[in-house]
Every structure is written in C-alpha cells, then in structure tokens.
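This briefing is meant for a reader who is meeting this structure for the first time. Please look through the sequence and the model before going on to the notes.

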Amino acid sequence: MSFPDHFSAVAAQYAQARPEYPPALFDWIAAVAPSPGRCREAGCGSGQATRGLAAVFAHVHATDPSAAQVAQAPVLGNACFAVEPAERCSLPDASVDAVCVAQALHWFDCGAFFAEAARVLRPGGVLVAWGYQDIEVPRALADANAVLQDAIRPYWPPQRADVDAAYAGYDFPFAPLAPPALAMEAAWPLPRLLAYFASYSASQRHREATGRDIVAECAPAFATAWGEGGHVPLRWPLFLHASRVASPCSPD
C-alpha cells in the first residue's frame with residue numbers, strides 16, 4: 001500500500017525536532033480505556049507519542065509505513081515497532097484496549113483505518129486521535145514567524161487543511177467521548193525552533209520547488225528578534241477526538 005511519505009528523507013531530523021505531548025494526555029487515554037493492557041498506535045513515526053503511551057499501557061504495538069521513521073524510534077521495553085500501514089496491522093481481532101493516532105490521521109485512508117480499528121479493538125475499547133495546530137510564539141518573534149509561515153503556506157500538502165480544521169467533518173465510527181482541553185508547551189533555544197521549522201513538510205517542499213532553504217533565510221530575523229533570551233516559551237493548541245466501541249452490556 002502506498003502512502004504520503006513526507007518525512008522518511010528527514011527521519012532523524014524529525015525525531016529530534018518535534019515537541020513532546022503532555023503527560024495529562026496519556027493519563028486521560030489510560031483512564032478511559034477499559035484496561036491499561038495493550039494499545040495500538042498507528043502512524044507512530046519516530047515514536048514521539050509512543051513513549052507516553054508506553055508509560056500508561058502494559059504494551060504498545062506501534063506501527064508506521066516508513067521504515068526510515070521506525071528506525072529512529074526509541075528502545076522501549078514494553079513497546080514493539082513494526083513497519084505496517086495504518087489500514088492493516090498484524091494484531092489479532094479484539095486484542096487492544098485503545099487505538100491511538102498522534103498527528104497522523106490526515107494521512108490515512110480513514111475508512112479502511114476505522115474498519116481496522118473496529119477489528120482490533122476489544123468491546124469497550126477506545127479510538128483516540130489527536131493533533132496540534134500552528135505554533136504560538138512570543139510577540140517578539142511574531143513578525144519573523146509570519147514571514148516564514150507566509151512563504152511556506154502554498155507548499156503544505158492538501159491534508160494540512162484537515163489539521164487546520166481540527167479534523168472537523170471526519171466520520172468517527174464509535175460513540176463519542178468528551179476529551180479534555182490540552183496544549184503542548186515547551187521552552188526552546190533558537191536552534192531547536194529552527195530545526196522544528198525545517199522538519200515541516202512544507203519547508204521541504206518549498207526547498208525542492210525553489211532550491212532555497214527558507215528556514216536558513218529567515219534565521220537572521222529570528223536571531224535578531226530573539227536577542228539574548230536563551231530559551232523562549234512556545235505553545236501548540238491540541239485537539240482530540242475520542243470514541244468508544246460498544247460493549248456487550250452497553251445500551252449502544
């Protein structure tokens with residue numbers, strides 16, 4: 001099965017540059033799952049969310065169709081990583097308490113993926129998909145950030161619009177659950193922020209189309225605005241969609 005592959009060529013950079021999800025997210029997933037036994041993570045990439053899932057589930061089966069991304073995954077004693085598409089995995093029927101997707105559902109064939117989630121989830125199991133939207137930077141960096149974002153905007157893949165819309169209109173297959181309001185927050189030095197911008201699929205597509213490194217071009221403006229601050233606070237709003245498979249005792 002083919003898949004939109006925007007990150008294999010920069011897998012190591014992607015693994016180092018992406019922000020961390022808040023522990024409260026994983027605590028909530030474990031709390032709504034029928035048990036903290038086994039979780040399947042689809043589209044795991046290089047394992048940004050896998051660490052958090054492995055902290056709250058006894059075992060995580062993490063999959064991604066990109067072998068280059070999986071090669072960057074961390075070694076976790078209770079997680080296994082497999083090169084498998086989101087729409088088809090090697091797990092048996094009714095074998096997991098949760099199916100999770102972090103910042104990846106927009107790349108999937110959702111109909112096929114939802115059918116696979118229904119196959120592997122136990123009765124009462126939960127499907128949780130989440131993502132994060134545009135980075136929020138301090139006011140001092142706003143102008144430099146706007147120049148960069150404006151330059152790469154035409155180069156985002158079309159699926160980016162689904163993230164901007166927080167997956168509005170997706171036909172999630174099970175009974176909805178009300179998720180908490182969460183955000184990712186970090187304090188980064190300038191090189192880390194620039195590496196994050198360089199890991200964008202839009203930055204890569206801009207470079208391929210123009211031959212220019214737009215992040216390097218914008219770096220002096222960020223450095224001037226940064227001043228002597230060291231680390232600056234950054235924020236990414238999170239959106240979550242969660243739903244539960246009906247159990248035999250459920251009126252659903």
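The notes below go through the basis of the model, the central strand, the charged pairs, the backbone and the nonpolar cores.

This is a predicted model, in which local features need pLDDT of at least 70 and side-chain atom pairs count only at pLDDT 80 or more, while totals for chains, interfaces and linings use all residues. Residues are numbered from 1 along each chain as its sequence is written, and side-chain values use heavy atoms, with hydrogens and water left out.

**Strand β4 and its partners**

- Helices and strands are DSSP runs numbered from the N terminus, a helix being H or I with at least four residues and a strand being E with at least two.
- Seven of the seven residues of β4 (96-102) are buried, so this strand is largely enclosed by the rest of the structure; here buried means under 20% relative accessible area, exposed means over 50%, and partly exposed lies in between, with a 1.4 Å probe and protein chains only.
- Strand β1 (residues 38-42) pairs with β4 in the parallel sense over four bridges, and within this pairing R40 stands opposite V99 of β4; two strands are said to pair if DSSP finds at least two bridges between them.
- β4 and β5 also run parallel and are joined by six bridges, with V126 in β5 as the bridge partner of A98.
- Together, β4, α5 and β5 make a right-handed β-α-β unit; a crossover is called right-handed if, with the strands pointing away from the viewer, the path from the first strand over the helix to the second runs clockwise.

**Salt bridges**

- Side chains of opposite charge can pair when their charged atoms come close.
- A search of the whole structure finds nine salt bridges, the term meaning a side-chain nitrogen of Lys or Arg within 4 Å of a carboxyl oxygen of Asp or Glu.
- One of them joins the side chains of D93 and R119 at 2.7 Å, N to O; because D93 lies in the loop between β3 (79-83) and β4 and R119 lies in helix α5 (residues 110-120), the pair ties together parts that are 26 residues apart in sequence.
- D93 is exposed at 53% relative accessibility, whereas R119 is partly exposed with a relative accessible area of 26%.
- R119 also meets E116 in a salt bridge of 2.9 Å, N to O, and these two residues, three apart in helix α5, are separated by about one helical turn.
- E116 is buried, with a relative accessible area of 8%, and salt bridges that share partners join D93, E116 and R119 into one network.
- R122 and D97 meet through their side chains in a salt bridge of 2.8 Å, N to O; R122 lies in strand β5 (residues 121-132) and D97 in strand β4, so this pair ties together parts that are 25 residues apart in sequence.
- R122 is partly exposed at a relative accessible area of 31%, while D97 is buried at 3%.

**Backbone and loops**

- Most residues other than glycine have a negative phi, and most peptide bonds are trans.
- A94, which is not a glycine, has a positive phi near 50 degrees; A94 belongs to the loop between β3 and β4 and is partly exposed at 38% relative accessibility.
- Q103 is likewise not a glycine and has a positive phi of about 55 degrees; Q103 is found in the loop between β4 and α5 and is buried, with a relative accessible area of 13%.
- R18 has its place in the loop between α1 (11-17) and α2 (23-32), where R18 counts as buried at 7% relative accessibility.
- The C-alpha atoms of R18 and G227 are separated by 23 Å, and the two residues are 209 residues apart along the chain.

**Nonpolar cores**

- A nonpolar core is a set of buried Ala, Val, Leu, Ile, Met, Phe, Trp, Tyr and Cys residues joined through side-chain atoms within 4.5 Å.
- The largest nonpolar core has 56 residues, of which Y21, I29, W130, L193, Y196, F197 and F222 touch the most other members.
- Leaving aside neighbours within four places in sequence, I29 is in contact with L53, F57, A98, C100, V128 and W130, contact meaning heavy atoms within 4.5 Å.
- A second, separate core of 27 residues includes C89, V96, V101 and F108.
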